[in-house]
Amino acid sequence: MPHLHRSAAGLRISGDALVPGEISKLLGADPTYCRIKGETWRGKTGRDYVAKMGQWHLEAADRQPEDLDGQVAEILGKLTKDLDVWRTISSTFKVDLFCGWFMEGGDEGLSISPKTMAALAERGIELDICLYGPLREP
């Protein structure tokens, strides 16, 4: 089975009381982007948004073809290995790994190694997947 055409992945931590600087200090890295609950920002379309909760996101580089194991290693390699810190964060906030998986054709797939699954599980990181089918011409 051929690999998925492309993958995007990012660690997301969110919650009402989340203060991005505190998460950065606990994890030992700065996020790709973050927001405090109530903060306003302007989107790419020019529309203004208000953060409904605090957010801390760290994204991995996109991979083509997909390489989720590599993306997880990239993200977790920048962060603390202290599982007590992870337990504190995951018991207080929603923690997930968002995965965007993009197909170019049919019969594409992927495998996730036991090492990657264990690393996510021991940190309390939920896997959140959005699968995008191939674009079809009208």
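How many bridges join strand β6 to β7, and do these strands run parallel or antiparallel? The points below take up this question and then the surroundings of the sheet.

1. Basis of the note. This is a predicted model, in which local features need pLDDT of at least 70 and side-chain atom pairs count only at pLDDT 80 or more, while totals for chains, interfaces and linings use all residues. Residues are numbered from 1 along each chain as its sequence is written, and side-chain values use heavy atoms, with hydrogens and water left out.

2. The β6-β7 pair. Seven bridges join β6 (residues 94-102) to β7, and the two run parallel; strands (E, at least two residues) and helices (H or I, at least four) are DSSP runs numbered from the N terminus, and two strands pair if DSSP finds at least two bridges between them. Phe 102 stands opposite Tyr 132 in β7.

3. The sheet. Five strands form an open sheet in the order β2-β5-β1-β6-β7, with mixed pairing. Because β2 (33-35) and β7 (126-132) stand at the edges with a single partner strand each, one side of each is left without a neighbour in the sheet. From one strand to the next the twist averages 20°. Helix α1 (residues 20-27) lies across β1 (6-15), β2 and β5 (54-59), and runs at about 40° to β5, where axes are lines fitted to C-alpha atoms, for helices over the stretch in contact, and angles run from 0 to 180 degrees between N-to-C directions.

4. Leu 97. This residue of strand β6 counts as buried because its relative accessibility is 2%, buried meaning under 20% relative accessible area with a 1.4 Å probe and protein chains only. Its C-alpha atom is separated by 6.7 Å from that of Ala 9, 88 residues apart along the chain. Not counting residues up to four places away in sequence, Leu 97 touches residues including Leu 11, Leu 68, Ile 75 and Leu 127, contact meaning heavy atoms within 4.5 Å.

5. Helix α3. The buried residues of α3 (residues 83-92) are Val 85, Trp 86 and Ile 89; they cover an arc of only 95° around the axis, so they are on the same side of α3, the arc being that of the directions from the helix axis to the C-beta atoms. What covers them includes β1, α1, α2 (68-76) and β6.

6. Arg 123. Lying in the loop between α4 (114-122) and β7, Arg 123 counts as buried because its relative accessibility is 9%. Not counting residues up to four places away in sequence, Arg 123 touches Leu 76, Thr 80, Lys 81, Leu 83, Trp 86 and Ser 90.

Notes: Buried < 20%, exposed > 50% of the residue type's maximum accessible area, 1.4 Å probe, protein only.
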